[in-house]
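This report describes how the chains of the model shown below meet one another.

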Amino acid sequence: MKLVIAIVHDEDAYELVDNITEKGFQVTKLATTGGFLKSGNTTLMIGVEKERVEEVLDIIKNVCKTRKTIISAPSPVMGTAGVFVPNPMEVTIGGATVFVLDVDRFEKF
Amino acid sequence: MKLVIAIVHDEDAYELVDNITEKGFQVTKLATTGGFLKSGNTTLMIGVEKERVEEVLDIIKNVCKTRKTIISAPSPVMGTAGVFVPNPMEVTIGGATVFVLDVDRFEKF
Amino acid sequence: MKLVIAIVHDEDAYELVDNITEKGFQVTKLATTGGFLKSGNTTLMIGVEKERVEEVLDIIKNVCKTRKTIISAPSPVMGTAGVFVPNPMEVTIGGATVFVLDVDRFEKF
Ligand code: NI
Ligand code: NI
Ligand code: NI
């Protein structure tokens with residue numbers, strides 16, 4: 001048995017939990033404040049059989065991996081005409097930090 | 001030294017913390033949202049000497065183990081007579097998921 | 001790779017996170033309620049290379065170690081004269097409980 005501790009961005013947490021539970025894994029979400037990836041992180045604990053660690057890591061990677069996206073930041077209104085000029089910006093989102101720990105003993109009561 | 005991570009139902013958490021601290025163990029309660037046992041879980045971390053792990057697991061088992069209970073769910077009011085018929089239902093409550101981890105090093109400052 | 005789990009007093013958490021990140025370590029703050037050191041604790045998770053564990057432990061010790069301090073507790077107002085007599089009291093503050101765990105595998109996505 002292994003314990004996977006994954007620190008992910010809040011915006012990826014919902015989809016990640018959904019994908020992980022769909023595959024039959026059990027996941028616990030810890031409320032996290034601040035941290036590894038600047039802010040707005042969620043820490044997940046996933047108990048997993050040794051043979052399925054790779055599978056869990058693949059799910060995390062697929063959902064959370066760092067990727068670039070274009071957002072349209074609002075620019076200031078120009079003069080009295082009130083023209084709104086969208087200001088496309090490339091930003092990096094996502095990312096996950098994952099620790100896999102050995103479990104000495106696992107019990108369910 | 002071992003680190004016991006126990007994920008329990010909120011309704012069992014108070015009694016469990018009480019029972020554990022009474023025996024001289026130190027316990028830290030993490031705010032948990034959602035998780036392993038559907039909803040309303042609490043994650044506890046308990047640092048414990050190797051020789052006393054069994055004792056901690058026994059306390060967790062005694063307080064948290066899955067058990068059945070009868071609740072009286074309100075049934076819909078019948079007609080104009082307003083007769084309330086209690087509707088006894090058997091539900092399963094409790095349950096704990098426990099990971100015991102090896103501690104490489106333990107310090108108190 | 002090691003995972004350092006440090007349970008510290010809330011009042012030391014900010015300075016500790018600051019000192020740890022300044023040295024290039026990554027830290028995740030978990031919301032903690034109650035626990036090891038009576039009340040108002042924060043749990044920090046710090047991923048760290050084996051060779052730098054000592055450095056992290058030193059930072060925690062320096063910031064959080066138990067120390068005595070003098071506080072002036074307000075004493076009751078005496079009679080109608082309303083004389084306020086400061087009441088110096090020595091109290092113990094700080095303290096940290098630290099677990100260092102082996103990391104089986106570490107990934108960043
Ligand atoms: Ni970020
Ligand atoms: Ni439940
Ligand atoms: Ni205290």
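Glu54(B) and Arg105(A) meet through their side chains in a salt bridge, with N and O 2.8 Å apart. A salt bridge here is a side-chain nitrogen of Lys or Arg within 4 Å of a carboxyl oxygen of Asp or Glu. Side chains of opposite charge can pair when their charged atoms come close. Between chain B and chain A the count is two salt bridges. Seven residue pairs are in polar contact across this interface, both residues being at pLDDT 80 or more. A polar contact is a pair of N or O atoms within 3.5 Å; within protein, one atom must be able to donate a hydrogen and the other to accept it, and residues adjacent in sequence count only if both atoms are side-chain atoms.

## Basis of the values

This is a predicted model, in which local features need pLDDT of at least 70 and side-chain atom pairs count only at pLDDT 80 or more, while totals for chains, interfaces and linings use all residues. Residues are numbered from 1 along each chain as its sequence is written, chains are lettered from A and ligands numbered from 1 in the order in which they are written, and side-chain values use heavy atoms, with hydrogens and water left out.

## Chain B against chain A: extent and strands

The interface brings 26 residues of chain B into contact with 19 residues of chain A, contact meaning heavy atoms within 4.5 Å. About 1,900 Å² is buried between chain B and chain A, with 62% of it on carbon and sulfur atoms. Buried area is the accessible area (1.4 Å probe) that two parts lose on being put together, summed over both.

Strand β7 (residues 105–108) of chain A pairs with β6(B) in the antiparallel sense, over four bridges. Helices (H or I, at least four residues) and strands (E, at least two) are DSSP runs, numbered from the N terminus, and two strands pair if DSSP finds at least two bridges between them. Within this pairing, Arg105(A) stands opposite Val100(B) in β6(B).

## Chain B against chain C

Here chain B contributes 19 residues to the contact and chain C contributes 26 residues. The buried area is about 1,900 Å², and carbon and sulfur atoms give 62% of it. On the chain B side, Asp104(B), Arg105(B) and Phe109(B) lose the most area to chain C, together 38% of what that side buries. Asp104(B) also forms a salt bridge with Lys2(C), the closest N and O atoms lying 2.9 Å apart.

At least two residues of the side of chain B that touches chain C come from each of β2 (26–33), β3 (41–48), β6 (96–102) and β7 (105–108) of chain B. Of the elements, β2(B) gives the most to that side, with six residues. The antiparallel pairing between β7(B) and strand β6 (residues 96–102) of chain C runs over four bridges, and Glu107(B) stands opposite Val98(C) in β6(C).

## Chain A against chain C

Over all chains, a search of the whole structure finds 18 salt bridges. One of the bridges joins Glu54(A) to Arg105(C), with the closest N and O atoms 2.9 Å apart. Glu54(A) lies in helix α2 (residues 53–64) of chain A and Arg105(C) in strand β7 of chain C, so this pair joins two chains.

The whole structure holds three aromatic pairs over all chains. Phe99(A) and Phe106(C) form a tilted one, 5.2 Å centre to centre with 40 degrees between the planes. This pair crosses from strand β6 (residues 96–102) of chain A to strand β7 (residues 105–108) of chain C. Rings of Phe, Tyr and Trp (its six-membered ring) pair if their centres lie within 6.5 Å; planes under 30 degrees apart count as stacked, over 60 as edge-to-face and the rest as tilted.
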